[in-house]
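The following exercises are to be worked through with the sequence and the structure at hand. Each task is followed by a solution in steps.

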Amino acid sequence: MQRVAKPVVLIAEELSPATLEALGPDFEVRHCDGANRSELLAALGAGVDAVLIRSATKMDAEAIAAAKGLRVIARAGVGLDNVEIPAATAAGVMVVNAPTSNIVSAAELAIALLLASARHISPAHAALRAGKWARSKYTGAELFEKTLGVVGFGRIGQLVAHRMQAFGMNVVAYDPYLQPARAAQLGVELVELDDLLKRSDFITIHLPKTKETANLIGVEALKKVKPAVRIINAARGGVLDEAALYTAITEGRVAGAGLDVFSTEPCTDSPLFTLDQVVATPHLGASTDEAQERAGIAVAVSVRKALAGELVPDAVNVKGGLIAEEIRPSLPLVEKLGAVLFGLCGEVPVSVEVEIRGEIAAFDCSVLATSAAVGLLNKVGAEDVTYVNAPSIAQERGLQTTVTTEAASPDHRNVITLKAALGDGRKVSVSGNLSGIRMVQKLIAVDSFDLDITPTNHLLFLRYSDRPGVVGAVGNALGGSSINIGGMQVARDEVGGTALMVITVDSPVSDAVLAKITKEVGATSAHSVSLVN
């Protein structure tokens, strides 16, 4: 009887012993030094099914091309800066990480930096080691009954808030995508950013770096804070403007800071390091034994599932697994409907019902609730959303998702409708299906308006009073802004009533162009929706 070869797992960096235990005996495990480029390429070229890495191994297009037959890249941690995801996707290689492995460690480090800043731990320690007993120089501040401002109230921000409430701190939070009811459940007041800046004695940042959050705490923001404020950033470099922070501290407008992340890393020569008011660490947020062990175990489990053909919740670029074949094609459609829904709502709804009608209702459709959450939350831009963390992120943001099924579908073989309820009582719905043998994605309804249009990367939705000349006016406005129309459809409730125009365009419609069109046609609502992140 011929012996079946075991799948090969390459471990390219040092991982915890628990990682090997979690992999189990069903794999041939090889090792290499992933930081040694030639050694890595040689090991990948020898035929591997999966590679486990941390931050030192660069899995770029060259490395992926060298690994013929590679099926999984597993990053034992959160960040994926060292993995070229488009190249992996093009090669059919699944990329997984461990998105929840370090949240406790990151929260605890933020708290450590906050305490160290409040009590001048770093300069006092340095002075003592230099033979100076400088008690009077390092008088600090208590946390009790002070106000902590949490900028970004996701999982880590909530952990920090909960722990600092035990210190007797009052907590306010800024997060434009969180439901106030969720914040209230946690005993936290949800406020606007300007209000947080003015009221806080301590500010801790827990946001990803995006186009919207880059230098969010910058020159103008630092003009609004109390002179005694201390600012902590253990999230992502670049959200806090380091040059502006240095100026604010040296001018006495900010009392101090605790930093673990920087706009450019590694960072060893920042002017901030010359200031006694700053305590800094070299990106240690995930550097605990426990976080590394959790990360290793998580990716080992993902590798086992992936190589067994099961659903991998942590997959960054691949969805699927043990889901009925009839359901799998609907996952990307529902994600897209979720993104459209968010664009039309303009905020995270309180609830989303995923209604499935037709033949696919006979199968387990529960995963489509996660698909809707993934599509919607990815447009929020708060953090990387995958099938594993979408339910918990949705819960944190006060979003409930449910699935209902009905076999009867009078007009279509299958229809999937996302019905959103917003906090102010508004209701918004979008429907779609997969058309024909090629399963072309179609947007077939918005609220009560019937449509039949293929959603592209950029969409424009206009609601207005039905009358002649609107189509031409919109076309002229877009053409004048060098925006090409790919397709257009108009639906109306009755002649001369309310009309909905849906336009597919080849490039994004800016706020300025949208405002111009809205004014010219007297639109009662206008939404530019991008389906790409």
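## Exercise 1: The overall fold

Task: Determine how many helices and strands the protein chain has, and what its radius of gyration says about its form.

Solution. The model is a predicted one. Step 1: the protein chain contains 17 helices and 22 strands. Step 2: for 533 residues, a compact globule would have a radius of gyration near 24 Å. Step 3: the protein chain has 26 Å, which agrees with that expectation. Step 4: along the principal axes, the C-alpha atoms fill a box of roughly 85 × 75 × 45 Å.

## Exercise 2: Burial, contacts and surface

Task: State what share of the residues counts as buried, and what share of the contacts joins residues 24 or more positions apart.

Solution. Step 1: of the 533 residues, 50% count as buried. Step 2: among contacts with a separation of 6 or more, 62% are between residues 24 or more positions apart. Step 3: the accessible surface comes to about 24600 Å², and carbon and sulfur atoms account for 51% of this area. Step 4: the chain carries 48 positive and 58 negative side chains, and the centres of these two sets lie 3 Å apart.

## Exercise 3: An aromatic pair

Task: Classify the geometry of the pair formed by F262 and F273.

Solution. Step 1: a pair of aromatic rings is described by the distance of the centres and the angle of the planes. Step 2: the structure holds 1 aromatic pair. Step 3: the ring centres of F262 and F273 are 5.5 Å apart and the planes stand at 90 degrees, so the pair is edge-to-face. Step 4: both F262 and F273 belong to the loop between strand 11 (256-259) and strand 12 (278-280), 11 residues apart. Step 5: F262 has a relative accessibility of 6% and therefore counts as buried, whereas F273, at 33%, is partly exposed.

## Exercise 4: Two single residues

Task: Decide whether H120 is buried or exposed, and find where E108 lies.

Solution. Step 1: H120 is located in the loop between helix 5 (103-118) and helix 6 (121-129). Step 2: the relative accessible area of H120 is 15%; buried means under 20%, so H120 is buried. Step 3: leaving aside residues up to four places away in sequence, H120 touches Y138, T139, G140 and R230. Step 4: E108 lies in helix 5 and, with a relative accessible area of 45%, is partly exposed. Step 5: E108 and A295 are separated by 187 residues in sequence, and their C-alpha atoms are 17 Å apart in space.

Methods. Residues numbered from 1 in each chain as written. Predicted model: local features only at pLDDT ≥ 70, side-chain atom pairs only at ≥ 80, totals over all residues. Heavy atoms only, no water. Helix = DSSP H or I, 4+ residues; strand = E, 2+ residues; numbered from the N terminus. Rg over C-alpha atoms; globule rule 2.2 N^0.38 Å. Buried < 20%, exposed > 50% of the residue type's maximum accessible area, 1.4 Å probe, protein only. Contact = heavy atoms within 4.5 Å. Areas by Shrake-Rupley, 256 points an atom, 1.4 Å probe, with all protein chains shown as cover. Lys, Arg positive; Asp, Glu negative; His and termini not counted. Charge placed at Lys NZ, Arg CZ, Asp CG, Glu CD. Phe/Tyr/Trp six-rings, centres within 6.5 Å; stacked < 30°, edge-to-face > 60°.
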